[in-house]
Amino acid sequence: SFPYTDQGILDWKNRFEKIFGIEANTQTYPQLYRGGSDILYQRESASKLIEVAQFYGAEYILSNPDWHPNMPGNLVIKDKVWAIWTVNDAD
């Protein structure tokens, strides 16, 4: 979900840039919104995603297990497309 406060939008933008390594602006957002973020997310290493999650104090991480088959941490739940792992157990 998208945040609706000024600070929430700024936090979302900063997290977006930290995960994907590109500036979030009016030129990049439309392409990423239409599925481009999935492509970038699956290209990131599991260790990079864990690093970003830990930086922001997340306790869990969501990904597609086909994209990140070696995700560190304990698998909490998995369905046909997505899985959730604990972040704190990833060290």
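Visitor: What is in the largest nonpolar core?
Guide: This is a predicted model. In it, the largest nonpolar core has 15 residues. Ile19, Tyr41, Leu49, Ile61 and Met71 have the most contacts inside that core.

Visitor: Which elements each supply at least two residues of this core?
Guide: There are helices α1 (6-20) and α3 (46-55), plus strand β3 (83-86). The largest share comes from α3, with 5 residues.

Visitor: OK, take Leu49. What is Leu49 in contact with, leaving aside neighbours within four places in sequence?
Guide: Ile19, Tyr41, Ile61 and Met71 are among its contacts. Glu44 and His68 are in contact with Leu49 too.

Visitor: Where does His68 lie?
Guide: In the loop between β1 (60-63) and β2.

Visitor: Is His68 buried or exposed?
Guide: Buried. The relative accessible area of His68 is 3%, so it falls under the 20% cut-off for buried.

Visitor: And what does His68 touch, not counting residues up to four places away?
Guide: Tyr41, Gln42, Glu44, Ser45, Ala46 and Leu49. His68 also touches Ser63 and Trp85.

Visitor: New topic, the surface. Which residues form a nonpolar patch there?
Guide: Tyr60, Val76 and Ile77. Together they have about 310 Å² of accessible area.

Visitor: Where is Ile77 found?
Guide: In strand β2, residues 75-78.

Visitor: Why does Ile77 count as exposed?
Guide: Because its relative accessible area is 52%, and exposed means over 50%.

Terms used. Residues are numbered from 1 along each chain as its sequence is written. This is a predicted model: local features need pLDDT of at least 70, side-chain atom pairs count only at pLDDT 80 or more; totals for chains, interfaces and linings use all residues. Side-chain values use heavy atoms; hydrogens and water are left out. Patches are made of residues with over 30% relative accessible area and no salt bridge: like charges are joined within 9 Å, nonpolar side chains (Val, Leu, Ile, Met, Phe, Trp, Tyr) within 5 Å. Accessible areas come from the Shrake-Rupley method with a 1.4 Å probe; for residues, only the protein chains shown count as cover. A salt bridge is a side-chain nitrogen of Lys or Arg within 4 Å of a carboxyl oxygen of Asp or Glu. Helices (H or I, at least four residues) and strands (E, at least two) are DSSP runs, numbered from the N terminus. Buried means under 20% relative accessible area, exposed over 50%, partly exposed in between (1.4 Å probe, protein chains only). A nonpolar core is a set of buried Ala, Val, Leu, Ile, Met, Phe, Trp, Tyr and Cys residues joined through side-chain atoms within 4.5 Å. Contact means heavy atoms within 4.5 Å.
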